[in-house]
Amino acid sequence: MFEFRKILLLLSLFFSFLAASQQKLTAKELKAKITNNSKLYKTNIDKAYHELNGLLKQSVILKDSISEMKLLDRKCRYFYSKNMMDSLIITSENLQKKANKFNDIYFEAMSHIYIAEIYSINKFPDKAILNLNSAYKILQKGDPESQKIFYAKANVLSSFANIYLDENQPKEAAKKIYEQIQSGKQLKNKFERDNFQYLNYANLANIYSQFNADSAYHYAKKSILIKPKKVTDEKAMVDNYSVIGKVYKDKKNYESSLKNFHKALYISKKTGMELNANQIYHSLKEIYDILNIQDSSDFYKNKIEQHELQALKSKYNSLQEVINKDKKEQEKAQNAFWYWIIPVFASIGIAFFITKRKSKKPLIENETRPEINLSETYHDLIELLEKRDPAFMFAFEKVYPDFSARLLEKNSELQQSEIEFCALLKLKLTTKEIAKISFIETRTVQNKKYRIRKKLDIPQNVDIYHWIDQI
């Protein structure tokens with residue numbers, strides 16, 4: 001399925017350079033730089049990002065809280081656009097703290113929206129909805145006539161649509177965007193109204209691309225048609241051309257499909273917006289495979305591997321942050337339960353398993369390989385290991401998509417290297433085999449097993465391979 005994260009938070013650009021005018025000259029200069037940075041963000045987000053830390057320092061020196069929050073918000077949008085969810089959660093929490101400190105409704109709501117996106121991407125929809133409800137409740141305190149509040153509420157609807165997409169409910173997602181389109185009628189200024197609806201129609205095209213090609217094509221074209229001439233091509237146009245490319249691909253009009261996908265990549269590369277680049281790479285590879293153009297297919301295969309390795313690392317780090325965040329929240333609430341009922345049942349299951357094992361003879365780890373289904377997938381994973389290919393962990397996660405998350409539920413302090421070591425145990429490699437593949441001594445492998453037992457609280461009378469195999 002050709003999925004897109006929907007356009008989110010671009011609407012906040014309308015207000016990224018609003019500020020009070022009664023300031024000293026140096027403060028005015030800072031605001032001018034922030035305004036220029038906002039314009040640069042629309043054309044090259046990487047260059048704009050490199051200016052942010054310096055501007056943030058100046059805003060702190062000048063005690064300009066509004067500028068500081070604007071810049072933190074811009075960093076959040078950068079990390080979201082780059083799919084850097086690990087960095088996004090840290091920055092969004094920082095924004096939330098600042099907004100609470102300065103009692104700013106808009107940025108407090110936006111921080112909840114960012115956090116909701118992170119929860120949704122990490123498959124915690126209930127937590128995402130909780131944060132979106134908080135954002136909407138906060139915005140209800142604001143002036144209903146304020147355009148700033150209007151756009152923030154629109155972002156809440158966009159994020160709700162994203163949750164429905166993540167839950168594979170595109171029709172429900174479309175309903176949320178239709179709500180946005182209806183709300184846009186209250187905008188009096190034609191330029192603002194057209195720009196708002198241009199984004200909404202691009203969103204709608206993305207959603208319909210999952211279940212109705214004709215509607216997807218219709219709304220992508222409508223978005224392109226309504227886009228104000230003064231607005232620079234950015235994320236929405238990447239999505240529009242990608243949707244049209246997919247429609248042509250499905251109709252086997254490969255020439256038109258390639259043309260539109262390459263337009264999308266050109267804008268993506270030019271602006272630095274990479275959120276949906278991987279879906280485009282996959283489509284281009286499929287087309288070049290069909291056309292039997294091997295060198296182009298190989299090129300996009302490498303692009304996919306590079307992108308997915310980076311995404312996997314970001315996903316792992318953001319998942320750690322999400323789990324740690326929830327643990328802190330539960331400690332503050334003095335709640336005896338951890339934040340999901342699943343870990344509770346998992347713990348009960350493990351306790352029951354341990355109790356059952358106590359009545360049996362303790363197991364001694366065997367240095368012969370435990371039984372495993374020697375499938376083609378298994379051999380592929382072993383081959384990646386033997387080559388020390390960095391794509392191993394990505395390929396492993398494809399086969400066992402919940403493995404890292406479940407380990408982190410047991411102990412959120414696990415390091416990436418420890419997760420990877422557990423993956424070797426999941427593949428049921430013996431101590432000697434792990435030592436050979438990893439170029440370390442067998443004693444080092446045994447020590448690692450011992451540390452994993454301690455960190456995961458695996459009883460000594462339980463076979464570590466059997467325990468890991470249940471994850």
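Where is N168 found? N168 is found in the loop that links helix 7 (147-166) to helix 8 (170-183). Keep in mind as you look around that this is a predicted model.

**Two asparagines in loops**

N168 isn't a glycine, yet it has a positive phi of about 60 degrees. N292 has a positive phi of about 60 degrees too, and N292 is not a glycine either. To find N292, go to the loop between helix 13 (277-290) and helix 14 (294-332). Is N292 buried or exposed? With a relative accessible area of 64%, N292 is exposed, because anything over 50% gets that label.

Together with I290 and I293, L291 forms a nonpolar patch on the surface. The accessible area of I290, L291 and I293 together is about 230 Å².

Now turn to helix 3, which covers residues 65-81. Helix 4 covers residues 85-102, and the axes of helix 3 and helix 4 come within 9 Å. These axes cross at roughly 160 degrees. An angle over 145 degrees counts as roughly antiparallel, so that's the label for helix 3 and helix 4. Their crossing is left-handed.

What about helix 5, residues 105-121? The axes of helix 3 and helix 5 come within 11 Å and cross at roughly 15 degrees. That angle is under 35 degrees, and therefore helix 3 and helix 5 are roughly parallel to each other. The crossing of helix 3 and helix 5 is left-handed.

Helix 4 also holds L88. L88 has a relative accessible area of 0%, so L88 is buried. How far apart are the C-alpha atoms of L88 and I118? They are separated by 7.9 Å, although L88 and I118 are 30 residues apart along the chain.

**Salt bridges**

Side chains of opposite charge can pair when their charged atoms come close. In this model the count comes to 16 salt bridges. Here are some of them, with the distance between nitrogen and oxygen.

| Salt bridge | N to O distance |
|---|---|
| D73 and R77 | 3.2 Å |
| K235 and D239 | 2.3 Å |
| E286 and K249 | 2.8 Å |

Take D73 and R77 to begin with. D73 and R77 are in helix 3, and because they are 4 residues apart there, about one helical turn separates them. Are these two buried or exposed? D73 has a relative accessibility of 3%, so D73 counts as buried. R77 is at 2%, and R77 counts as buried as well.

K235 and D239 sit in helix 11, which spans residues 235-250. K235 and D239 are 4 residues apart, about one turn of the helix. K235 is buried, and D239 is buried too.

K249, at 16% relative accessibility, falls under the 20% cut-off and so counts as buried.

**A histidine in helix 12**

One last stop is H262, in helix 12 (residues 254-271). Its relative accessible area is 30%, so H262 is partly exposed. How far is H262 from S242 in space? The distance is 8.6 Å from C-alpha to C-alpha, while H262 and S242 are 20 residues apart in sequence.

Definitions and conventions
Residues are numbered from 1 along each chain as its sequence is written. This is a predicted model: local features need pLDDT of at least 70, side-chain atom pairs count only at pLDDT 80 or more; totals for chains, interfaces and linings use all residues. Side-chain values use heavy atoms; hydrogens and water are left out. Buried means under 20% relative accessible area, exposed over 50%, partly exposed in between (1.4 Å probe, protein chains only). Patches are made of residues with over 30% relative accessible area and no salt bridge: like charges are joined within 9 Å, nonpolar side chains (Val, Leu, Ile, Met, Phe, Trp, Tyr) within 5 Å. Accessible areas come from the Shrake-Rupley method with a 1.4 Å probe; for residues, only the protein chains shown count as cover. A salt bridge is a side-chain nitrogen of Lys or Arg within 4 Å of a carboxyl oxygen of Asp or Glu. Axes are lines fitted to C-alpha atoms, for helices over the stretch in contact, and angles run from 0 to 180 degrees between N-to-C directions. Angles under 35 degrees count as roughly parallel, over 145 as roughly antiparallel, 65 to 115 as roughly perpendicular and the rest as oblique. A crossing is left-handed if the near helix is turned anticlockwise from the far one by less than a right angle, and right-handed if clockwise.
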